[in-house]
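Dear colleague,

I am passing on the structure we spoke about, and my notes follow below it. Please read them with the model open beside you.

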Amino acid sequence: MLIAVLPASPKSAQETIRSLLEADQLTAPVHVRAIYRDVAKAPAEFVAHGSFHAVAGDLSHAASLDLGGVDTVFAITPPRYDGSDMMQWARQASENTRVAIRKAGTVKRLVLLSSMGAEQPEGTGEIMTNHIAEEILKDVVPEVVFMRCSYFMENWAPAIETVQSKHPYLSSVITPLDYEIPMVSVTDIGKACATYLTAMENPKSPYIVEVHGPREYTARDVQEAFQDVAGHAVELKPVEKDDLPTFFGHFLPAASVGPFVEMTRSFLPGGIIAKESGNSPSPDRMYRGRTELVEAIGRMFKKR
């Protein structure tokens with residue numbers, strides 16, 4: 001089986017590749033064609049594996065994407081924080097992926113990394129990029145799988161800096177502080193995606209998989225996890241809904257602030273994809289990862 005990963009540089013792609021190469025040691029041969037804008041960025045641990053093949057390609061240019069002979073494609077709509085129109089970028093990247101898949105003529109299955117709330121046509125901000133990708137790619141091949149992931153545990157990584165500051169604190173856009181939301185580690189996302197990339201068959205197309213961690217978490221759970229890993233007290237500072245534009249404006253380009261504010265509000269109480277809203281359809285399958293939040297945060301600290 002030849003699986004293409006497009007693009008291969010995001011962390012979720014790296015973890016998926018890692019899971020595929022580990023599975024390759026135990027099961028039938030799986031070869032991975034990893035597509036990078038710069039093949040020099042392919043991790044040495046992957047390059048050393050005989051079933052890994054790094055090739056050059058750019059989502060911005062459909063003609064550069066070589067999917068010839070590929071059986072299955074793992075596609076990601078990578079975010080863009082350069083101030084450009086992220087929705088237009090999602091359309092361009094998805095259309096180019098579609099063109100490359102159709103040109104290849106060999107692809108039978110597409111697994112698309114998506115997000116909770118991607119079924120909503122409006123009101124979800126940055127998550128709309130996943131809705132766009134799903135709409136464009138939902139019928140590109142006979143078997144399509146949407147991996148709708150919950151809140152990434154790794155989204156808390158920037159807090160390591162403030163947690164290790166002179167006056168340790170943690171800012172949380174998840175409010176109220178006791179409000180539970182599903183979270184999942186990128187490690188478990190990789191394992192989930194690898195599972196459906198190599199599955200014998202899926203009963204329908206598109207097949208929807210919701211990817212969650214072992215349980216739901218609150219901001220206070222995040223605080224406790226950081227305190228356990230850091231070994232000292234950490235103040236928890238809520239970022240209220242009205243303060244979200246200012247908060248995101250400190251580190252995002254102006255064009256990205258609005259989509260991130262709308263996205264955050266969409267999964268908070270009363271939001272369009274909040275669990276009590278009743279708007280989300282039942283998935284075809286729920287995949288539960290095993291990585292607890294404290295373990296994921298511990299890994300983030302080790303990588304710093």
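Why does Q223 count as buried? Its relative accessibility is 15%, and buried means under 20% relative accessible area with a 1.4 Å probe and protein chains only. Please keep in mind that this is a predicted model, in which local features need pLDDT of at least 70 and side-chain atom pairs count only at pLDDT 80 or more, whereas totals for chains, interfaces and linings use all residues. Residues are numbered from 1 along each chain as its sequence is written, and side-chain values use heavy atoms, with hydrogens and water left out.

Q223 sits in helix 7, residues 219–230 (helices are DSSP runs of H or I with at least four residues, strands runs of E with at least two, numbered from the N terminus). Beyond its neighbours within four places in sequence, Q223 is in contact (heavy atoms within 4.5 Å) with L170, V234, E235 and L236; the C-alpha atoms of Q223 and L170 are 7.0 Å apart, although 53 residues separate the two along the chain.

The strands include an open sheet of 8, in the order 3-2-1-4-5-6-10-13 and with parallel pairing, where two strands pair if DSSP finds at least two bridges between them. Its edges are strand 3 (52–56) and strand 13 (285–288), each of which pairs on one side only. Strand 3 pairs with strand 2 (residues 31–36) in the parallel sense over 5 bridges, and V55 in strand 3 is the bridge partner of I35.

Finally, helix 3 (residues 86–104) is followed by G105, whose phi is positive, near 75°.

Technical notes
Buried < 20%, exposed > 50% of the residue type's maximum accessible area, 1.4 Å probe, protein only.
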